[in-house]
Amino acid sequence: MKFKRIDWICLIAITAVYAALALYNLGSTKSPETLWEPAASGESFYVDLGQSKPLERVNIFGGVGTGKFKLEFSDNPEVWSSPMDVSEDVGNVFIWKSQPLNVTARYVKFTVTSPGFTLNEMAFYEQGGGRKPLPIAGVTPDANAVPKRGAAANLFDEQSLIPEYSNFMNSTYFDEIYHARTAYEYTHGIVPYENTHPPLGKLLIAIGMELFGVNPFGWRIIGTLFGVAMLPLIYVMALRLFKKSKYAALAAGLFALDFMHFTQTRISTIDVYGVFFIMLMFYFMQRYYTMNFYKQPLRKTLIPLFWSGLFFGIGVASKWIVLYGGAGLAIMLAISLFERYREYQASGRLLAEGKIKDKELLGTCREAVDSFWKKTIITLASCIGFFVIIPVIIYSLSFVPGLSASAEGFTIKGLIDSQKNMYNYHSQLVATHPFASSWWQWPFMKRPVWFFSGGEGLPEGQVSSIVTMGNPLIWWTGIFAMLATLWITLKRKDKNLYMIWIAFFSQYVPWMLVPRETFIYHYFAMVPFMILGIVYIMKLLDSKFPEARYVQYVYVAVALLLFIAFYPVLSGMQVSGDYVKDMLRWFPTWVF
């Protein structure tokens with residue numbers, strides 16, 4: 001495979017345009033970071049607002065942890081009244097929450113009733129005072145209290161960062177409350193809250209937070225960059241499979257226009273990492289699959305196997321769904337070795353007949369007969385290292401930061417217990433969720449998942465939503481293209497393209513057996529291979545019907561128009577509620 005000038009132009013153009021769109025309004029680059037974490041119940045401080053004010057609400061930006069506290073009010077710091085209990089629960093991490101108040105006071109006392117929580121910033125608002133927080137005249141801490149981290153005054157030192165309204169730009173949304181939180185905990189020596197998935201994806205999120213701060217941009221940027229990197233990756237995959245720049249550009253362009261690729265890579269969850277490494281591990285396995293250790297040095301054939309195993313290990317350490325793809329890798333390896341076995345048998349028959357006159361063919365047959373078992377054993381032994389030992393090491397090391405924060409530290413027992421906990425969680429999950437859907441409903445998008453619904457501060461009739469679903473054109477034609485790809489490649493014995501459906505079904509079939517509640521975003525791992533199936537069918541049509549190229553142009557144009565039409569509900573963009581209701585909600589189950 002050789003990159004031409006046109007390949008560079010197409011790849012850079014598609015990637016650059018998508019990257020600009022994906023990074024636009026990704027999230028605020030600033031959030032309150034100084035904090036106060038009390039150590040015990042009874043710790044308190046009080047705030048002086050300067051003069052008595054009728055209070056309307058208090059806005060709080062919570063940090064990691066959960067607990068409870070009490071607010072009391074007064075015009076005299078010696079006597080307190082109107083107590084109000086406030087809970088800092090799991091859903092309050094790195095998100096602006098508002099508590100309504102209806103009391104007049106100059107002083108507000110804050111008393112811890114259940115420690116374990118962390119707060120980053122607070123703001124009090126006067127009734128009828130609009131969106132501007134009241135100035136703080138002073139903060140008087142409990143002289144006898146020693147906070148676990150920070151100081152009470154930290155809750156009022158970044159008032160310039162207080163947003164007018166809470167939304168996805170300044171707060172966590174959907175499962176970010178788990179993954180961004182846990183990423184923070186990994187880098188601050190705190191026992192991680194989220195332990196139902198392997199750590200590596202959250203460690204990658206933590207890199208962004210270390211580089212850009214504990215803010216929405218920081219916890220989303222690495223996943224978004226991985227989403228951007230998926231485009232050149234699928235370009236290279238398609239170029240290798242279909243040998244023409246046109247089809248590579250088509251694959252990258254359609255992937256860029258897929259809704260789920262856009263939304264799943266802009267939110268700080270871990271699916272993007274699993275899918276990225278699934279693509280890489282199948283790319284390198286496909287490279288191995290097209291090699292032949294009779295014709296090429298054995299050591300050269302082991303190189304793509306090494307990379308496939310390495311990315312398999314990194315992927316599994318990010319999310320367990322990558323394990324499903326391991327079955328697909330094993331199938332491809334088995335098919336490849338079976339082909340070598342058939343060549344070995346055929347060579348033996350030819351040599352036994354003694355009719356070979358061509359010296360080159362004679363040498364090849366002797367090489368196959370003499371080396372098959374040795375090379376096969378070396379290949380399989382190498383695979384134990386590449387697909388078992390290396391992944392186990394990577395996987396185990398990914399647990400070091402989280403387990404090191406526990407009282408026992410990193411131990412083999414802790415590592416094994418973590419696996420048991422994860423398995424028990426996923427195997428015994430019986431919760432119900434309004435946006436859950438079954439595996440057979442995913443290709444048809446019966447139930448998209450509504451990630452974010454913002455209503456605070458929006459003008460009358462305006463909405464802000466983020467939903468994860470597929471591009472209807474790509475998904476509804478994609479499942480049929482995949483079935484056609486399976487049928488046609490088998491019928492034509494086009495073995496170099498088997499990877500498309502092996503990867504797709506190795507990721508899809510296990511979900512048919514999973515009893516737990518599932519969601520449409522579990523289909524994300526299948527999307528890149530579904531797009532390769534679409535491109536394959538288009539290539540076949542091209543070869544039989546030259547005018548089919550016009551169908552491709554129309555197909556891409558419609559996919560682009562759909563992306564533009566749905567962009568507001570993919571990005572959280574403020575838009576008319578009537579537009580969403582009348583133009584985008586095609587079915588009653590499409591709730592967003």
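Trp 476 is partly exposed, with a relative accessible area of 27%; this term covers values between buried, under 20%, and exposed, over 50%, computed with a 1.4 Å probe on protein chains only. The model is predicted, and local features need pLDDT of at least 70, side-chain atom pairs count only at pLDDT 80 or more, and totals for chains, interfaces and linings use all residues. Residues are numbered from 1 along each chain as its sequence is written, and side-chain values use heavy atoms, with hydrogens and water left out.

A pair of aromatic rings is described by the distance of the centres and the angle of the planes. Rings of Phe, Tyr and Trp (its six-membered ring) pair if their centres lie within 6.5 Å; planes under 30 degrees apart count as stacked, over 60 as edge-to-face and the rest as tilted. By this rule there are 76 aromatic pairs. In one of them, Trp 476 and Phe 587 are edge-to-face, at 6.1 Å centre to centre and 75° between the planes. Trp 476 lies in helix H13 (residues 472–492) and Phe 587 in the segment after helix H17 (577–584), so this pair ties together parts that are 111 residues apart in sequence. Helices are DSSP runs (H or I, at least four residues), numbered from the N terminus. Phe 587 is partly exposed, at 37% relative accessible area.

Trp 476 also forms a tilted pair with Trp 590, with 6.3 Å centre to centre and 35° between the planes. Trp 590 is in the segment after H17, so its pairing with Trp 476 of helix H13 ties together parts 114 residues apart in sequence. Trp 590 is buried, at 1% relative accessibility. Ring pairs link Trp 476, Phe 587 and Trp 590 into a cluster whose members also include Tyr 18 and Phe 259.

Terms used:
Helix = DSSP H or I, 4+ residues; strand = E, 2+ residues; numbered from the N terminus.
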